[in-house]
Amino acid sequence: MDVVMGLLGCGTVGAGVVELTRRRAERIEEMTGTRPVIKKILVRDTTKPRGVRLHGEVLTDRPEDVLDDPTVGLVIETIGGIEPARSFILRAIAAGKHVVTANKDLMALHGEEILDAAESAHVEVFYEAAVGGAIPLIRPLKGCLTSNEITDLKGIINGTTNYIVSKMTETGADFEAVLAEAQALGYAESDPTSDVDGLDAARKLTILASIAFHTRVNLADVSVRGIRSITAADVAYAKELNCVIKLLAVGRERDGVLQLEVRPSLVPLAHPLAAVSDAFNALFVRGDAAGDLMFFGRGAGCMPTASAVVGDVIEVLQNMRMGISETVGATRLPRKVVATNQGPEGRYYIRLTAKDRPGVFAQVAGVFGDAGVSMESVLQRRLADQDAQIVVVTHSVRQAELTAAADRLALLEAVAAVDNVLPVEEMDADGPVMDDIMDDLAAPTASLS
Ligand code: NAP
Ligand code: HSE
């Protein structure tokens, strides 16, 4: 038996979906009892080459050819953005069609509306590809790990920014130069705003946190800072401090209160996230029963993303065969309080430019002392024009104390600028994550008992 599908969009991801569906057709038939047929593919320009073999009549620029065709049982959305993707998906759901989407923007901003509509219409909406590309994250969090209280999510979930900071670390080049090169190579989009300003990671964190913390998180709940302020100097000082700079997405639940942030951080080289380079993604998850887990892989690209989309398609087809519906609406779950005082308590890196003359360092140290901020280490470098760069790493401090110190430093006559303030990642807030894993590996009998 054939199952008729409609594809919305045939760009990077859509073309991969066509290719992988074709490659796996036999296996899909074995697994689901149905042979997947992509009957129509909606695009804007039907004359454009697609980089994938298509039958002439498959492409259409008329949404109704997919959405109003009663033979189409499953719609795969790879258009991206909010509109018209949102309206198309809602229309498909209302017509009783299952939906698979790769659209993180839509699921982050309108996930509640879409999942509610799906629940009412008794259809599935799967969106594994929306976060982490090929890496299974959503299904493990929704399924395998639901017996856990998840307390921590921490990861690198934007490939573009990870590529940029990795190249800055490798080459010593500044942000703008690496961004331009990344754009020329097609790693970064011509409008890189959503990636470099942290919005893409924030949207993905919104989706992950809603699932992991059994609530519904809004994008506005996430404190967001991107990587534009990171300079070659920050990268070089991070190296001297045995760290690399990474854009981290962090979600925590403590005593029922959530803390959600996307921010660049200094990550110690011994931390497993420090080794995640180029466009790769990785996510740590801590559950009270499972302990620490780490997911790693390709977060984007044609076939990696198609891998997740077609995986979802197979799941829907299996459910259709069994006559079951798996849709889990995070929307029915209670809202949780989100901390407004964002910014972790912990160590911080502060880089400032000051006059290189007697007594200035004593003034700087005095400001830290008065604000109750203890200094762990200090680097000082002579700059041109009688200036010096001072880099301080603090001991663990509350963000309010740190902000007070930074504000007062900026007011000192001898301080030209507080150039950057970044958190320094601990191996883990409650004990080294990887040490737990390594301990388990070293003591196999303990884990069997
Ligand atoms: P893309 O290359 O820009 O492809 C978008 C496709 O949608 C194109 O075929 C385009 O048609 C079609 N389209 C756009 N607007 C349309 C409209 N109004 N009506 C009909 N068709 C329209 O995008 P992509 O990179 O494949 O991304 C697709 C989705 O996957 C996005 O939600 C993205 O966030 C998500 N995603 C992408 C990746 C990745 O690696 N690219 C990874 C994970 C998730 P034309 O070709 O005719 O212009
Ligand atoms: N812009 C995204 C990234 C693509 O750089 O990770 C996948 O969502």
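At 47% relative accessibility, Phe 296 counts as partly exposed, where buried means under 20% relative accessible area, exposed means over 50% and partly exposed covers the values in between, computed with a 1.4 Å probe on protein chains only. The model shown is predicted, so that local features need pLDDT of at least 70 and side-chain atom pairs count only at pLDDT 80 or more, while totals for chains, interfaces and linings use all residues. Residues are numbered from 1 along each chain as its sequence is written, chains are lettered from A and ligands numbered from 1 in the order in which they are written, and side-chain values use heavy atoms, with hydrogens and water left out.

**View A. The stacked pair of Tyr 163 and Tyr 187.** The structure holds two aromatic pairs, a pair being two rings of Phe, Tyr or Trp (its six-membered ring) with centres within 6.5 Å, called stacked when the planes are under 30 degrees apart, edge-to-face when over 60 and tilted otherwise. In this one, the ring centres of Tyr 163 and Tyr 187 are 4.1 Å apart, with 15° between the planes. The partners come from distant parts of the chain, 24 residues apart: Tyr 163 belongs to helix H7 (residues 159-171), and Tyr 187 to the loop between helix H8 (175-184) and helix H9 (193-196). Helices (H or I, at least four residues) and strands (E, at least two) are DSSP runs, numbered from the N terminus. Tyr 163, at 5% relative accessibility, counts as buried, whereas Tyr 187, at 43%, counts as partly exposed.

**View B. The stacked pair of Phe 280 and Phe 296.** The ring centres of Phe 280 and Phe 296 are 5.1 Å apart and their planes meet at 10°, so this pair is stacked. Here strand E11 (residues 280-287) supplies Phe 280 and strand E12 (residues 291-298) supplies Phe 296, the two residues being 16 apart in the chain. Phe 280 has 23% relative accessibility and counts as partly exposed.

View C. Oxygen atoms of ligand 2 lie 2.6 Å from a polar side-chain atom of Lys 104, 2.5 Å from one of Thr 160 and 3.0 Å from a side-chain N or O atom of Lys 204. Of the 260 Å² that ligand 2 exposes when taken alone, the protein buries 83%, with accessible areas taken from the Shrake-Rupley method and a 1.4 Å probe.

**View D. The surroundings of ligand 1.** Ligand 1 is surrounded by 22 residues, of which Cys 10, Val 13, Asp 45, Arg 50 and Gly 301 are the closest, and its shell divides into nine nonpolar, eight polar and five charged residues. A polar backbone atom of Gly 11 is 3.1 Å from an oxygen atom of ligand 1, while a polar side-chain atom of Arg 50 is 2.6 Å from one. Lys 104 has a side-chain N or O atom 3.2 Å from an oxygen atom of ligand 1. On its own, ligand 1 has 900 Å² of accessible area, and the protein covers 79% of that.

Terms used: Polar contact = N/O pair within 3.5 Å; in protein donor to acceptor, adjacent residues only side chain to side chain. Near = heavy atom within 4 Å. Nonpolar A, V, L, I, M, F, W, Y, C, P; charged D, E, K, R; others polar.
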